[in-house]
Amino acid sequence: MEKDLLKITSGRLMEKDLLKKKKKMGRDFLEKMGKELSKRMEKDRELVFVELQKIINKKRKVKHPVQRHPFHLVDPSPWPLFTSVGAFTTTFGGVLYFHGFLGGEMVLSFGFLIILFVMFLWWRDVIREATFQGHHTFAVQTGLRMGMILFIVSEVMFFMAFFWAFFHSSLAPTVDIGAVWPPKGIEVLNPWEVPFLNTVLLLTSGASLTYAHHAIVAGLRSEALYGLVVTLVLAIFFTGFQVLEYLEAPFSISDSIYGSCFYMATGFHGLHVFIGSCFLFICLVRLQQHHFTKKHHFGFEAAAWYWHFVDVVWLFLFVTIYWWGGL
């Protein structure tokens with residue numbers, strides 16, 4: 001009897017094991033079949049989507065219906081033409097103003113307003129493409145970084161012309177300016193007053209901007225906002241002190257080569273500070289609107305690179321024109 005009971009129980013256990021194995025095999029088989037079906041359905045969906053896109057684009061008469069690359073083919077834009085018109089009008093108005101022609105100041109202001117108008121609208125389009133349309137992929141961002149670097153290099157060459165003119169005139173002063181430097185009759189500014197204060201302001205603004213950048217990377221939005229606001233406030237103070245210095249300066253742009261080099265170099269630097277401040281203000285608005293993420297904030301990076309470039313140019317201006325040029 002005991003042997004019969006053992007056989008019956010062992011047989012039942014074996015049947016249970018077999019049922020469990022069959023169930024497990026059935027589950028595995030169903031999972032595999034489900035995965036294969038889902039893959040096929042995804043492929044079918046992609047094919048259906050492509051075919052529908054082709055049909056839609058044929059009706060719309062689009063030549064290139066499907067984009068198979070990560071790059072952004074920019075739509076036709078009027079802003080390059082308007083920028084050229086604004087730059088030409090500003091330059092033409094500046095020449096008229098410097099030569100004392102009637103209406104030169106109005107033409108200069110009109111050209112400058114055109115440039116500001118185009119800056120606003122062009123940045124609006126770029127923000128739409130980057131944030132809302134998703135065109136700024138990693139490949140596009142790489143191209144934008146290269147473009148910004150080349151732009152800053154061109155700006156370096158631009159300021160090199162002013163430094164070249166300054167050193168050409170100061171290292172070997174001609175008889176026309178008294179064979180001395182600073183030229184005879186020029187009362188230079190004290191570099192340790194307003195210029196040194198402006199140096200401290202710009203360096204501090206660079207530090208606060210770097211703090212804001214690190215805060216964005218760390219995901220600390222409120223800290224980034226504080227850092228950016230501090231940077232803008234310091235930039236406004238710098239511009240105000242620069243205007244005050246121009247009003248108090250004992251020489252003008254027409255006072256020999258010293259006045260020409262001084263006002264051209266520091267004036268264009270002040271223009272770059274103003275443009276950089278506009279750039280940072282747009283970044284502040286975008287940061288407030290949650291446009292920047294930890295990995296996608298090239299607009300802020302470009303503004304930071306530009307601002308640091310402005311800081312470095314000012315250091316060279318302070319050392320060469322304000323300090324060494326006034327010895």
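These legends accompany a set of close-up views of a predicted model. Local features are reported only where pLDDT is at least 70 and side-chain atom pairs only at pLDDT 80 or more, while totals for chains, interfaces and linings use all residues. Residues are numbered from 1 along each chain as its sequence is written, and side-chain values use heavy atoms, with hydrogens and water left out.

**View 1. The overall fold holds eight helices and zero strands.** Helices (H or I, at least four residues) and strands (E, at least two) are DSSP runs, numbered from the N terminus. Of the 327 residues in the protein, 32% are buried; here buried means under 20% relative accessible area, exposed over 50%, and partly exposed in between (1.4 Å probe, protein chains only). Accessible areas come from the Shrake-Rupley method with a 1.4 Å probe, and for residues only the protein chains shown count as cover.

**View 2. Helix α3 runs through residues 104-132.** The buried residues of α3, including G111, I114, V118 and L121, pack against α2 (79-98) and α7 (256-288). Just after the helix, have a look at G134, which takes a positive phi of about 70°.

**View 3. R124, D125 and R128 are linked in a network of salt bridges.** A salt bridge is a side-chain nitrogen of Lys or Arg within 4 Å of a carboxyl oxygen of Asp or Glu. D125 meets R124 at 2.9 Å, N to O, and R128 at 3.2 Å, N to O. R128 and D125 both lie in α3, three residues apart, about one turn of the helix. D125 is buried because its relative accessible area is 13%, whereas R124, at 37%, is partly exposed, and R128, at 35%, is partly exposed.

**View 4. R145 and E301 meet in a salt bridge (2.7 Å, N to O).** This pair links distant parts of the chain, with R145 in helix α4 and E301 in helix α8, 156 residues apart. R145 is partly exposed at 26% relative accessible area, and E301 is buried at 11%.

**View 5. L171, W192, F196, V200, V319, W323, W324 and L327 form a nonpolar patch on the surface.** Together they have about 820 Å² of accessible area. Helices α5 (194-217) and α8 (298-323) each give two or more residues to the patch, while W192 sits in the loop between α4 (138-170) and α5. Patches are made of residues with over 30% relative accessible area and no salt bridge; like charges are joined within 9 Å and nonpolar side chains (Val, Leu, Ile, Met, Phe, Trp, Tyr) within 5 Å.

View 6. A cis peptide bond, with omega of about 0°, joins W181 and P182; P182 lies in the loop between α4 and α5. S256 is not a glycine, yet has a positive phi of about 60°; S256 is found in helix α7 and is partly exposed at 29% relative accessibility. H290, also not a glycine, has a positive phi of about 65°. H290 belongs to the loop between α7 and α8 and counts as exposed at 57% relative accessibility.

Definitions and conventions:
The expected span of a helix is 1.5 Å times one less than its number of residues. Contact means heavy atoms within 4.5 Å.
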